[in-house]
Amino acid sequence: MHKKNILNGAIASCLMLLAGCSSEPLSQGRSFDVEKTACSYLPGWNQDNFEEALPALLRSCQRPNKDWSSFCRGLQSYQNASSDEIKSYLEENLVPYTVSSYGSETGIITGYYEAELTGTRTRVSSRQVPVFGAPYGYKNGKTYPEREDIDEDFEAPIIAWADDPVELFILQIQGSGRMITPDGEIKLGYGGNNNRPFKGMGEIMRDAGIENMYSMPQMKKWLQSHPEEAIDLMNENPRYIFFKEIVGESPYGAAGVVLTPERSVAVDRAYIPMHTLMWLNTRDPDGLPIQKLVVAQDVGSAIQGGIRADYFWGHGEAAFNKAGRMKSKGRYFLLLPKTMK
């Protein structure tokens, strides 16, 4: 079958419509090719439990998009259906496409999770650090002070106080999380950033001569056992995230819907519009296969490229241990409605 660049064909139009008819050309000047295939070609297609994927699909269907409207209307009647029934509906209404970028069908798949930390509403210890909301008069795109210059006198509301600066740093990398307090749980969602560049802790530690730090759990353990050095190292990442308190379900992704553990992924929306259905084929950090239906429902500052995704593991220590160690080779396929022409 004939491959064609998304920019030059019907699929380009479909994806740009999905993206909300952005005024900027999708992935201009970048290589991103697709080729129509069949569901039977998708690795593990017959083994997935599509009942587990349904909540993520239905959440994205809550967001208005005329190109998915027919598919979503039909999907509503499958809320109590079996995995096989949902699978048949998908096969009847979706067309899968292979994806390649710069001639390769594989890329890097990492993991992320909803961070969890401890703290209090009001300060009870001098060792605690503030969890800031967006600065007063916050404007998206405006540049604010770097991390090392944001202290307790920063002109922004303080939502809560975190017990551990390392846990707060990890919360900022993840973008959302939950604080466990003596009075209950505080749900923290992404509230903006200081418009400074992001620098990963792995790179920072390598530059400092700290070797053999291959995963976030390893880095967290080192930072917590070296508290003075940790502050200086964390300040090497200028990016600072502000939060807002969330009431109700959480966490929300950039697509405006609640994320579903092991079914939501973050992508580069210069290539993949939000709410796009995808078939993921990769491995977890322990080498076990991940072959399942996922939905593009989030973005991330480090998630850039045509074949690049961040797999949402959920929240808690088990999710942290999976997400913090995951950096796998993998690929994905797009699944688009047959009604798109």
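**Cysteines and a helix contact**

1. Cysteine 72 has 10% relative accessibility and therefore counts as buried, where buried means under 20% relative accessible area, exposed over 50% and partly exposed in between, with a 1.4 Å probe and protein chains only. This is a predicted model, in which local features need pLDDT of at least 70, side-chain atom pairs count only at pLDDT 80 or more, and totals for chains, interfaces and linings use all residues. Residues are numbered from 1 along each chain as its sequence is written, and side-chain values use heavy atoms, with hydrogens and water left out.

2. The structure holds one disulfide, a term that here requires a pair of cysteine sulfur atoms within 2.5 Å. The partners are cysteine 61 and cysteine 72, whose sulfur atoms lie 2.1 Å apart. Because cysteine 61 lies in helix α2 (residues 50–61) and cysteine 72 in helix α3 (residues 69–75), the pair ties together parts that are eleven residues apart in sequence; helices are DSSP runs of H or I with at least four residues, numbered from the N terminus.

3. The torsion about the S-S bond of cysteine 61 and cysteine 72 is about -75 degrees, so the disulfide is left-handed. Cysteine 61, at 18% relative accessibility, also counts as buried.

4. Cysteine 39 counts as buried at 10% relative accessibility, but its sulfur is 16 Å from the closest cysteine sulfur, that of cysteine 61, which is too far for a bond.

5. The contact between α7 and α8 (heavy atoms within 4.5 Å) is made by Trp222, Leu223, Gln224 and Ser225 of α7 and Pro227, Glu229, Ala230 and Leu233 of α8.

Definitions and conventions: Helices (H or I, at least four residues) and strands (E, at least two) are DSSP runs, numbered from the N terminus.
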